[in-house]
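Here is a short report on a structure. It goes from each chain to the place where the chains meet.

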Amino acid sequence: MGGLMQVVFDALSLGSLYALGALGIALIFGVMRLVNFAHGDVIAFSVFALLWPSVDAVAIIFAGNLPWFLLIPFTLLVGAGLSVLSEMVVFRRFRHANPATMMIASFALGFVIRYFLLMLFSSRPKSISLLPGLSQPVELLGARIPLLQLITILVTIGVLIGLTAFLRRTRFGLEMRAAAENFTMARMLGVRANRVIMGAFALSGALAAAVALILGSQTGTANIMMGASVMLMAFIATVIGGMGSLAGAVIAGFALGTIATVMQVILPPDARAFRDAFVYGAVILVLILRPQGLLAGRGTKERV
Amino acid sequence: MARPSILRRTIATPLILSALLMAFALVAWFAGSRPFNQTVIDIFLQVVFVVGLYTFVGNSGVISFGHIAFACLGGYVAAWTTIKPMMKGMAMPGLPDWLMQLEIPFWAAALAGGGFAAFWALVFGAVLMRLSGIAASIATFAMLAMVNSIYSNWSSVTAATSSVVGIPIIRTIWPYLIAAILAVFIAWAFSISRYGLALRAARDEPTAAAASGVNITRMRLIAFVISGAIMGAGGALYAHSIGLVTPDTFYLGLTFTTLSMLVVGGIGSLSGAVLGVLILSSLIQGLRWLEAGVQVGTSTIALPGGVQEIALGVVMIAILMFRPAGIMGNSELTGRRARTEKPGQPGTN
């Protein structure tokens with residue numbers, strides 16, 4: 001029983017991470033059909049914003065010394081700020097470009113952010129202790145799990161409920177959903193494009209920062225490549241979930257987390273190193289069976 | 001009647017591009033300095049990669065982030081087949097016996113690398129080519145990550161993340177020049193073949209092409225396999241140019257450089273692919289030189305590391321903003337006066 005619950009919690013917390021990442025990507029894709037390859041680098045940037053620039057192996061904690069109730073909003077603001085900035089400087093000029101062009105531009109932007117971090121911090125991973133109180137284990141339903149894992153799951157559930165309420169109950173959320181459905185029509189009906197798009201970028205950046213906080217406290221390291229693997233899984237989740245469908249992205253994120261955790265348990269020890277390769281393989285299989293994703297988003301079908 | 005005329009109309013492009021590459025080679029040969037030689041070799045290899053990528057992306061309009069995976073496959077084929085058997089036994093003890101004893105010349109390794117990559121391109125492509133648009137692009141990214149993850153962990157045949165050394169280093173520029181020219185001619189031949197024409201028709205007007213009997217999935221698969229073969233051969237030669245391979249040599253960094261060169265030159269143009277390499281390689285060399293430090297009076301001024309990639313990214317974004325179809329647009333160097341047709345954007349499918 002305890003062993004099974006352990007797996008369940010592992011799956012949920014890994015899935016939470018992927019779901020938060022996927023949500024950040026799906027939000028932006030929904031309003032402007034942009035596949036944002038820079039998302040992973042926004043994650044890395046949010047962690048490095050807590051450090052003072054230096055190329056030493058030991059990180060000089062700067063803003064990371066703030067108490068948690070300041071640290072968390074600070075990080076979220078950094079993520080949102082960088083994301084909005086990238087919209088204003090780069091993506092605004094690509095509003096009318098085709099999705100492939102935007103995708104390559106975001107790939108390039110991600111590289112610019114990553115190498116900017118490399119310039120300031122070098123490519124060596126640094127050890128940081130972020131929110132150290134969270135690593136102590138707690139006993140729950142017969143499983144001993146780190147407090148952080150529990151918090152990750154709870155935070156994700158909170159974010160999901162909050163975001164749903166925001167999208168369903170507020171005017172801004174309504175505008176955003178309208179824009180995701182049919183951008184031109186929404187503009188004609190009085191939705192202000194810039195505001196909605198910047199809102200989506202800000203939310204997506206804050207979600208990236210949330211992922212950054214969880215990753216940073218989980219691994220205890222800051223690495224300029226740290227966002228890359230989460231981002232890839234998040235991308236896959238958005239594709240499987242049906243591009244642009246927020247619910248689909250979240251469900252697919254949890255599904256990926258579950259598949260990865262279950263594979264970790266059932267694969268023979270020799271094959272465990274290849275877990276991710278198996279997950280990517282499984283994804284390609286899903287895509288053959290349902291090329292439009294599990295819950296196909298509206299407006300993503302090819303029109304004839 | 002149509003076939004000979006398209007051949008005659010377009011043959012100038014690969015000839016001009018080959019002449020351009022040969023001019024580079026001659027300059028390197030006359031200059032005779034080792035570092036410059038290496039630079040020119042890098043440029044030729046990059047031409048192979050970018051032209052390989054163009055063969056698929058340019059003709060099909062599907063952006064691929066995964067082609068460097070084929071270079072990785074090819075690079076390791078070179079390691080498996082050309083390192084001395086004794087050294088192989090230490091680094092990669094899991095190789096089958098016949099492969100362990102094998103020691104073939106570098107050009108055979110390049111062909112084998114191309115063949116191996118083409119085989120896997122056929123396997124992956126059979127699955128991936130059923131997708132289209134953005135889903136296809138992300139799936140190619142997953143393919144890259146999958147290959148990288150396998151090669152980084154399968155220690156008995158790839159030595160995991162540590163570098164595999166002992167690959168014979170080929171220092172003369174001629175093999176690389178020949179490879180680059182061959183790649184250009186293969187890409188050109190494919191793009192004027194019936195498959196290439198059908199694929200470009202499907203890129204620009206998928207519905208009309210499908211209605212005219214073009215099997216889009218099959219055409220894409222053919223392009224994918226050919227471009228995979230070029231990338232594989234390029235990867236094997238890359239291994240021979242530096243003498244070692246690691247999985248991370250063939251990962252995001254190389255993907256980024258290759259893609260940026262294609263984008264800057266023009267995704268839909270073979271001349272653009274080659275020119276993009278020549279232009280951006282010069283930029284990269286200039287920045288590398290500055291990063292190493294320049295003597296100004298008594299002090300050395302050096303740019304911090306990373307500037308090179310940042311500059312590359314900025315150039316790429318600027319080109320996408322102001323000239324999304326790249327420097328060449330959709331036109332080719334033909335030696336005649338520029339055609340008046342407008343450079344359109346390549347399709348999104």
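Helices here are DSSP runs of H or I with at least four residues, and strands are runs of E with at least two, numbered from the N terminus. The model is predicted. On that count, chain A has eleven helices and six strands. Its radius of gyration is 19 Å, close to the 19 Å that the globule rule gives for 304 residues, so chain A is as compact as a globular protein of that length. Chain B has 16 helices and four strands. Its radius of gyration is 20 Å, close to the 20 Å from the globule rule for 349 residues, so chain B too is as compact as a globular protein of its length.

The table sets out some values for the two chains.

| Chain | Box or span along principal axes | Buried residues | Mean pLDDT |
|---|---|---|---|
| Chain A | roughly 55 × 45 × 35 Å | 50% of 304 residues | 83 |

Contacts within the chains reach across the sequence. In chain A, take the contacts between residues at least 6 apart: 76% of them join residues at least 24 apart. In chain B, residues 24 or more positions apart account for 79% of the contacts with a separation of 6 or more.

**Confidence**

The predictor gives the complex an ipTM of 0.83 and a pTM of 0.87. In chain A, 91% of the residues score a pLDDT of at least 70. Confidence in chain A is highest in helix α2 (residues 39-48), at a mean of 92. It is lowest in strand β2 (residues 60-61), at 70. Over residues 297-304 of chain A the pLDDT is below 50. Beyond near neighbours in sequence, that stretch has 14 contacts in the model.

**One residue in chain A**

A:Arg33 sits in the loop between α1 (2-32) and α2 of chain A. Its phi is near 55°, a positive value in a residue other than glycine. Most residues other than glycine have a negative phi. Is A:Arg33 buried or exposed? A residue is buried if 20 or more other C-beta atoms lie within 10 Å of its own. A:Arg33 has 21 C-beta neighbours inside 10 Å, so it counts as buried.

**Where the chains meet**

One helix pair shows the contact in detail. The axes of α9(A) and helix α8 (residues 133-153) of chain B come within 10 Å and cross at roughly 145°. The crossing is left-handed. From α9(A) come A:Leu232, A:Phe235, A:Ile236 and A:Val239. They meet B:Ala135, B:Ile138, B:Phe141, B:Ala142 and B:Ala145 in α8(B). By class, the contact of α9(A) with α8(B) has nine nonpolar residues, no polar and no charged ones.

Definitions and conventions:
Residues numbered from 1 in each chain as written. Chains lettered and ligands numbered in written order. Predicted model: local features only at pLDDT ≥ 70, side-chain atom pairs only at ≥ 80, totals over all residues. Rg over C-alpha atoms; globule rule 2.2 N^0.38 Å. Buried ≥ 20, exposed ≤ 12 C-beta atoms within 10 Å, placed from the backbone. Contact = placed C-beta atoms within 7 Å. Axes fitted to C-alpha atoms, helices over the stretch in contact; angles between N-to-C directions. Left-handed = near helix turned anticlockwise from the far one by under 90°. Nonpolar A, V, L, I, M, F, W, Y, C, P; charged D, E, K, R; others polar. pLDDT = per-residue confidence, 0-100.
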